[in-house]
Amino acid sequence: MGSGLLGVGTSALLAYQRALDTVGHNVANVNTEGYSRQNVELLTRQPQGLGNGFAGKGVDVTTVLRSYDQFITDGLRSNTTAYTEQDTLASLGGGLDNLLADEFSGLSPALGSFFDALQGAADDPASTAARQVFLNEAESLANRLHGLDKWMVDSRDGIASRMGTRVQETNQLAAAIASVNQQIMEARSSAGGQPPNDLLDKRDQLVLDLSAIVSVSTTTQEDGALNVFIGNGQALVLGVNHNTLSLQNRIEDPGQYEVAITAGGSTSIVISDLLSGGELGGLLTFRDQVLDPAHNELGRIAIELGTFMNAQHQRGVSLDGLPGQALFSVAGPQVAAAAGNSGSIAVDFDDAAQLTADDYHLRFDGGSWTLTRAGNGQVVPLSGTGAAADPFVAEGLSLTIGPGAVAGDNYEIRPTRD
């Protein structure tokens, strides 16, 4: 465009027309989620050289940029991840705490009534009424234990359902981010590298939504595409490609679901232990660190109480002079064999008073057996040889090894679950 007054004025009109268009775009999107205010960047035109100096030629629009700060964006994602995880954990943990502490539905009132009735029967052992009250309270206690157990089982099922929903949402967001990456790359290419601000805002909002589900980290490629990683660095989106999450039911623990990731046609890899943050991280943390230990502790209370009361009953006699019988029915430890095991084991209680609320892994390396805690891998010492006449004994458990074991056989032992 030529110089002179008309050229300068025309350049200003065009530049500020673009600025007014941008202002209007900002106003129109004032309530659009994730939108960043845009600003027009102006640059003085190269002046025209004259014999006695330079004459200005007006102004040009160089680009339109977002009001954007990467540090603030990263902080928002990090805080969103942390808040959502803790909020999920607090909500679920509060529900469990309220149930166990409730004066009507908790365990303490039932235990108190049971022992009060036991004391009443002991004070007047010949009273059939006192004996019947005691039996009624024993049945009530058993029902309360079953009710609490069912609540925990239902909670685990509910967590699995929520995990499935969040995994599906994660896959949808991953696909959307990969699609926007493609659009951004094409837009940058067609505009000579200029930033497609609205698409960048859209992608940032998708990543922020993802951060509410699981912790994320990102890197930007030279072509403008964004790589997204979850957990401890598992790649979810790489340029225009994305991987897929799924839930896998653990063979050795039916009903216990784990998050797995699949890249292309490769085998799924379980990554539950590598995930943190967001609602998904909160669900996994509550299940593994709160619900499962509480469920195991509930079972330990039932086993120790039932075993002790049965032993006392069997030492005595009835009103008719008959030998005492067991008062409660007490289940044995649960054992889950890994797929492909060749041998077998039998697990029973050795001393209920020595039980812990831990689960265990038992593995055979071809020469010896090793028992470890499922939570932290700590080795638990074994006494005995594992034979029927001399079983392995550890922390209240008795383990008898059957024939046919080969290297690689392993078992998951849950002494007190359910």
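This briefing describes pockets, sheets and selected residues of one protein structure.

The structure is a predicted model, in which local features need pLDDT of at least 70 and side-chain atom pairs count only at pLDDT 80 or more, whereas totals for chains, interfaces and linings use all residues. Residues are numbered from 1 along each chain as its sequence is written, and side-chain values use heavy atoms, with hydrogens and water left out. Helices (H or I, at least four residues) and strands (E, at least two) are DSSP runs numbered from the N terminus.

**Pockets**

- A pocket is found on a 1 Å grid over the protein atoms alone, as an open set of points where a 1.4 Å probe fits, with protein on both sides within 12 Å along at least five of seven lines, and its lining residues have an atom within 4 Å of a point.
- Helix H6 makes the greatest contribution to the lining of the largest pocket, with 5 residues, while strand E9 (244–249) and H6 each supply at least two.
- Sorted by class (Ala, Val, Leu, Ile, Met, Phe, Trp, Tyr, Cys and Pro as nonpolar, Asp, Glu, Lys and Arg as charged, and the others, Gly among them, as polar), the lining of the largest pocket comprises 6 nonpolar, 7 polar and 12 charged residues.
- The second largest pocket holds about 540 Å³ of space, and among the 20 residues of its lining Ala121, Arg131, Phe134, His313 and Val317 lie nearest its centre.
- In the second largest pocket, helix H4 gives the most to the lining, with 5 residues, and helix H3 (107–123), helix H4 (128–190) and H6 each supply at least two.
- The lining of the second largest pocket divides into 11 nonpolar, 8 polar and 1 charged residues.

**Arg287 in helix H6**

- Arg287 belongs to helix H6, which covers residues 278–315, and this residue counts as buried because its relative accessibility is 2%, where buried means under 20% relative accessible area, exposed over 50% and partly exposed in between (1.4 Å probe, protein chains only).
- The side chains of Arg287 and Glu258 are joined by a polar contact of 3.3 Å, that is, a pair of N or O atoms within 3.5 Å, of which, within protein, one must be able to donate a hydrogen and the other to accept it, residues adjacent in sequence counting only if both atoms are side-chain atoms.
- Apart from neighbours within four places in sequence, Arg287 is in contact with Ile159, Met163, Gln256, Tyr257, Glu258, Asp292 and Pro293, contact meaning heavy atoms within 4.5 Å.

**Open sheets**

- Two strands pair if DSSP finds at least two bridges between them.
- Strand E10 (residues 257–262) and E11 run antiparallel and are joined by 2 bridges, and Ala260 has Val270 in E11 as its bridge partner.

**Strands E12 to E19**

- Strand E19 (residues 410–414) is largely enclosed by the rest of the structure, because 4 of its 5 residues are buried.
- E19 pairs in the antiparallel sense with strand E12 (residues 334–337) over 4 bridges, and Val335 has Ile413 in E19 as its bridge partner.
- E13 and strand E18 (residues 397–401) run antiparallel with 5 bridges between them, and Asp348 stands opposite Ser398 in E18.

Technical notes: Points joined across faces, edges and corners; volume = space filled by probe spheres on them.
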